[in-house]
Amino acid sequence: MNDLKSYFTDDSIFFAPSLDAEHPIVSILDRGLEQYGVTKPVSDLPDSLWGPERYGLEHSSVYTRLEPHQQTEVLQKISRWNLSLSYFIEKSGHNYGAKMILLADRMEEKSLYCLFSAEEAIHLRLFRNFMRFTPDPSVDWHPMLDPLARVIRDGSKEACVLLIQVLLEGFGMGHYRSLMQDCRHPGLVQAFQKILRDEARHHGAGLVLAKEGVLKKGDRDECFEFTREFVGALQSANWVLRALEEVGGPISAEARRHHLEAVGYRQVLEKRLESLKEMLLKADREQLVHRLERDGVFEVKETG
Ligand SMILES: [Fe+2]
Ligand SMILES: [Fe+2]
């Protein structure tokens with residue numbers, strides 16, 4: 001498996017260069033995607049794809065005191081980062097699928113991963129159809145993408161199944177579902193419905209394979225470290241605060257505390273951490289959860 005690692009650099013996972021629009025491969029891909037019902041980029045994008053209510057911003061004076069055009073700018077930034085994260089995740093799914101096709105030792109498993117990889121290509125295009133920009137890693141990067149790439153590159157088959165399909169795709173389903181519920185564009189709502197159906201199969205297959213597979217000592221340590229890093233990344237990134245600061249200027253420690261309280265940030269984080277724990281327990285990984293709990297990984301860190 002070590003021979004595979006050179007194919008899983010960050011460049012290959014996230015930044016494969018794009019062909020010019022006129023290249024014949026692009027039109028073959030477009031026709032292929034059309035056959036799966038993927039339509040062209042939409043032309044009627046709203047100002048922002050998610051409104052203030054998604055983040056409880058109507059309760060935050062840091063937000064309500066901004067000028068209307070600044071409020072729009074805040075929402076646009078967060079919408080951009082939401083789409084960028086999905087874009088990078090779906091891109092990484094291409095390499096993940098390739099690795100798992102190679103590592104699968106039974107035919108149906110290989111076929112399933114071929115199918116999953118095709119679905120990640122469809123998901124990427126579905127998101128791209130709502131993006132009028134190309135994500136720039138210097139501004140649109142989420143810290144959880146670092147541990148994600150590391151697992152895809154270094155993880156054993158068993159660790160990959162548990163961390164990517166059970167933990168991340170399971171967690172991603174909850175995330176996509178909530179983005180779908182609050183989304184302002186019916187076309188993107190429809191795209192989320194399709195993506196969620198696919199991700200449910202990716203996650204479901206992960207559960208079956210995780211229960212079959214035995215984690216070796218090295219895998220258990222890897223899963224522990226990854227989950228710890230992933231939860232840390234999740235807690236360190238607060239896009240709403242970042243957008244508010246970028247648009248409206250620095251926020252004092254006190255205003256920050258008020259804001260976090262007003263939008264119920266602690267509760268949101270607690271729910272997310274609980275859902276991660278549930279995902280691991282679904283695959284019967286009590287020992288891993290105990291170890292993570294002992295280490296305080298699932299505790300909400302000071303958010304102020
Ligand atoms: Fe996907
Ligand atoms: Fe997936």
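Figure 1. Along the principal axes, the C-alpha trace spans about 60 × 55 × 30 Å. Buried residues make up 35% of the 304 residues. Of the contacts with a separation of 6 or more, 81% join residues 24 or more positions apart.

**Figure 2. Confidence along the chain.** This is a predicted model. The mean pLDDT of the protein chain is 94. A value of 70 or more is reached by 99% of its residues. Confidence is highest in helix H5 (residues 107-128), with a mean of 98. It is lowest in helix H10 (residues 217-236), with a mean of 90.

Figure 3. Leu163 touches Val151, Gly155, Leu168, Cys223 and Phe226, leaving out residues up to four places away in sequence.

**Figure 4. Helix H7 and its buried side.** Helix H7 covers residues 145-154, and Leu145, Pro147, Leu148, Val151 and Ile152 are buried there. These residues cover an arc of only 165° around the axis, which puts them on the same side of H7. An α-helix has 3.6 residues a turn, so residues three or four places apart point the same way. The buried residues of H7 pack against helix H1 (10-14), helix H4 (68-103), helix H8 (157-182) and H10.

**Figure 5. Helix H9, end to end.** Helix H9 (residues 186-212) has 27 residues. From first C-alpha to last it reaches 40 Å, close to the 39 Å expected at 1.5 Å a residue. Its buried residues include Leu188, Phe192, Ile195 and Leu209. Glu199, His202 and His203 are also among the buried residues of H9. The cover over the buried residues of H9 includes H5 and H8.

**Figure 6. Gln70 and Thr72 in helix H4.** Gln70 lies in helix H4. Thr72 is in helix H4 too. Gln70 has 14 other C-beta atoms within 10 Å and is partly exposed. Thr72 has 15 other C-beta atoms within 10 Å and is also partly exposed. Leaving out residues up to four places away in sequence, Gln70 touches Val247 and Gly248. With neighbours within four places set aside, Thr72 is in contact with Asp47 and Ser48. The C-alpha atoms of Gln70 and Lys282 are separated by 43 Å, and the two residues are 212 apart along the chain. For Thr72 and Arg228, 156 residues apart along the chain, the C-alpha separation is 35 Å.

**Figure 7. Asp284 in a loop.** Asp284 sits in the loop between helix H13 (265-282) and helix H14 (286-294). It counts as exposed, with 12 C-beta neighbours inside 10 Å. The cut-off for an exposed residue is 12 or fewer. Phi of Asp284 is near 60°, a positive value in a residue other than glycine. Most residues other than glycine have a negative phi.

Technical notes:
Residues numbered from 1 in each chain as written. Chains lettered and ligands numbered in written order. Predicted model: local features only at pLDDT ≥ 70, side-chain atom pairs only at ≥ 80, totals over all residues. pLDDT = per-residue confidence, 0-100. Helix = DSSP H or I, 4+ residues; strand = E, 2+ residues; numbered from the N terminus. Contact = placed C-beta atoms within 7 Å. Buried ≥ 20, exposed ≤ 12 C-beta atoms within 10 Å, placed from the backbone. Arc of directions from axis to C-beta. Expected span 1.5 Å × (residues − 1).
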